[in-house]
Amino acid sequence: MDGVTKQAAPIIAGQYPRQAVYAKAMKEFNTARLQHKDADVDVCKLFQNAAEAECGPSPMGGDGQATVVSCWRLLQNMMSSLDGAANAGYFSGAIGKELEERRVGALVQGARRYLEQCHASYINDVISKNVGTARL
């Protein structure tokens, strides 16, 4: 199988450079999974880095590629909020519907934090592009 992976990588990289970035991220994840280190791998961060490598780290963009980066950032924020709540013991003692409500609440907090960051970034961009108007 290792020989197949080594042979396929140059073909993907040569013919499909965009897919090669994602294939590399997937290979990293699968390698960690096979070594039983999948708990240490942040999948959202892996794919966010791949998307940024493909199209640049633009935080707010109108094109589809920048939107993909934004989606991975949103997922990462949501999952980190969920992980943080789990590590803080927020879910302990909760079962059934209460547990589900707490999980959804943690995901919503992560999404809200992401939207607040995007809004602040957007406002700063507008102000920096329209300094004269902002001074009024």
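Residues are numbered from 1 along each chain as its sequence is written. Because the model is predicted, local features need pLDDT of at least 70 and side-chain atom pairs count only at pLDDT 80 or more, while totals for chains, interfaces and linings use all residues, and side-chain values use heavy atoms, with hydrogens and water left out.

The chain contains 6 helices and 0 strands, where helices (H or I, at least four residues) and strands (E, at least two) are DSSP runs numbered from the N terminus, and the pattern along the sequence reads α-α-α-α-α-α. Of its 136 residues, 21% count as buried, a term that stands for under 20% relative accessible area, with exposed meaning over 50% and partly exposed the range in between (1.4 Å probe, protein chains only). The accessible surface comes to about 9600 Å², of which 59% belongs to carbon and sulfur atoms; such areas come from the Shrake-Rupley method with a 1.4 Å probe, and for residues only the protein chains shown count as cover. Among contacts (heavy atoms within 4.5 Å) between residues at least 6 apart in sequence, 51% join residues at least 24 apart.

The structure holds 2 aromatic pairs, for which rings of Phe, Tyr and Trp (its six-membered ring) must have centres within 6.5 Å, planes under 30 degrees apart counting as stacked, over 60 as edge-to-face and the rest as tilted. Y22 and F47 form a stacked pair, with 6.2 Å centre to centre and 20° between the planes, and this pair links Y22 in helix α2 (residues 17-34) to F47 in helix α3 (residues 43-55), 25 residues apart. Y22 counts as partly exposed because its relative accessibility is 22%, whereas F47, at 11%, counts as buried. F47 also stacks with W72, at 5.1 Å centre to centre and 20° between the planes, and that pair links helix α3 to W72 in helix α4 (residues 64-87), again across 25 residues.

The structure holds 0 disulfides (pairs of cysteine sulfur atoms within 2.5 Å). As for the cysteines, C71 has 43% relative accessibility and so counts as partly exposed, while C118 counts as buried because its value is 13%.

Helix α4 also holds V69, which counts as buried because its relative accessibility is 0%. The C-alpha atoms of V69 and E52 are separated by 6.2 Å, although the two residues lie 17 residues apart along the chain.
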